[in-house]
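Hi there,

Here is the structure I promised to pass on. Have a look at it first, and my notes follow below.

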Amino acid sequence: MTHLRTRSGAPRLAVVAATATVLIAASTLGATGAVADDGPSVPPGTEATASAPVELDPNDPDLKLPDGATLAEPKVLDIKQVVEEQSGDERREDTNTEVTFALQAEVLFGKDSAKLSAQAKSRIGTIAEEIKKQNATKIRVFGFTDNLGSSAHGDVLSRKRANAVHTVLGQELNDPGVTYEVRGYGEQYPIADNSTEAGRKKNRRVEISFPRTES
């Protein structure tokens, strides 16, 4: 399901997008222990969102403000910034409250394998440094696959890969005060079109997310 890719040199990052979004649902980072159970936690960015806005009649009397009333100033509740390597191998998302790294499986593992490469361990070490910088103590490690092969196989493989990344993170952080939520979602929560190889490549990934320091 995966292909190993080797790269040399420091990755070059390019800003892909910066968008303003309203954070609707709170994240669930409270799991304790190294590996969490199979509860209903979902990956960051997949929480429930509000339905699409409906058209309103501006002349409807029920929408008019009482005399003397004014609308509050508009306010952006959350800013999302997305930075992705030009190769697409690594993606970082920053919001006001959370940091998420998505590493494509090809740069972490061999095909259909959960054994990390030496290069992968170096990348995970870099993420561990960012976790230390943010003083994060609750970390989520989620594995995903594309939709090729059986769903059951994808569930198992994605969980093994998430566990492998979690093991290295634990070694790098070496902090008993840090708790982890580790899950494998298989083909659930794709971020790209599984009908193309380019899309499936993006979906084969491991995501590491944690709260950012309030500023």
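**What I found**

The side chains of D146 and R204 are joined by a polar contact of 2.6 Å. This is a predicted model, so please read that distance and the others here as computed values. D146 sits in the loop between strand 5 and helix 2, and its relative accessibility is 0%, so D146 counts as buried. The side chain of D146 also has a polar atom 3.0 Å from the backbone nitrogen of L148.

Stepping back to the overall layout, the protein has three helices and seven strands, in the order β-β-β-β-α-β-α-β-α-β from the N terminus. It has 215 residues, and 38% of them count as buried. Among contacts with a separation of 6 or more, 76% are between residues 24 or more positions apart. The accessible surface is about 12,300 Å², with 53% of it belonging to carbon and sulfur atoms.

Which residues have the most contacts inside the largest nonpolar core? They are L108, L116, I131, I139, V165, L169 and F210, in a core of 28 residues. Strand 4, helix 1, strand 5, helix 2, strand 6 and strand 7 each give two or more residues to this core, and helix 2 provides the largest share, six residues. Nonpolar side chains tend to be buried together in soluble globular proteins.

The whole structure holds four aromatic pairs. In one of them, the ring centres of F142 and Y185 are 5.3 Å apart and the planes are at 85 degrees, so the pair is edge-to-face. F142 belongs to strand 5 and Y185 to the loop between strand 6 and helix 3, so this pair ties together parts 43 residues apart in sequence. Y185 also pairs edge-to-face with Y189, at 5.3 Å centre to centre and 85 degrees between the planes. Y185 is buried at 7% relative accessibility, whereas Y189 is partly exposed at 25%. Together, F142, F144, Y185 and Y189 form one aromatic cluster.

One caution before you zoom in. The mean pLDDT is 79, and 73% of the residues reach 70 or more, but over residues 1–37 the pLDDT is below 50. That stretch still has 101 contacts in the model beyond near neighbours in sequence. Where pLDDT is low, the predicted coordinates should not be read in detail.

Best wishes

How values were computed
Residues are numbered from 1 along each chain as its sequence is written. This is a predicted model: local features need pLDDT of at least 70, side-chain atom pairs count only at pLDDT 80 or more; totals for chains, interfaces and linings use all residues. Side-chain values use heavy atoms; hydrogens and water are left out. A nonpolar core is a set of buried Ala, Val, Leu, Ile, Met, Phe, Trp, Tyr and Cys residues joined through side-chain atoms within 4.5 Å. Buried means under 20% relative accessible area, exposed over 50%, partly exposed in between (1.4 Å probe, protein chains only). Helices (H or I, at least four residues) and strands (E, at least two) are DSSP runs, numbered from the N terminus. A polar contact is a pair of N or O atoms within 3.5 Å; within protein, one must be able to donate a hydrogen and the other to accept it, and residues adjacent in sequence count only if both atoms are side-chain atoms. Contact means heavy atoms within 4.5 Å. Accessible areas come from the Shrake-Rupley method with a 1.4 Å probe; for residues, only the protein chains shown count as cover. pLDDT is the predictor's confidence in each residue, from 0 to 100. Rings of Phe, Tyr and Trp (its six-membered ring) pair if their centres lie within 6.5 Å; planes under 30 degrees apart count as stacked, over 60 as edge-to-face and the rest as tilted.
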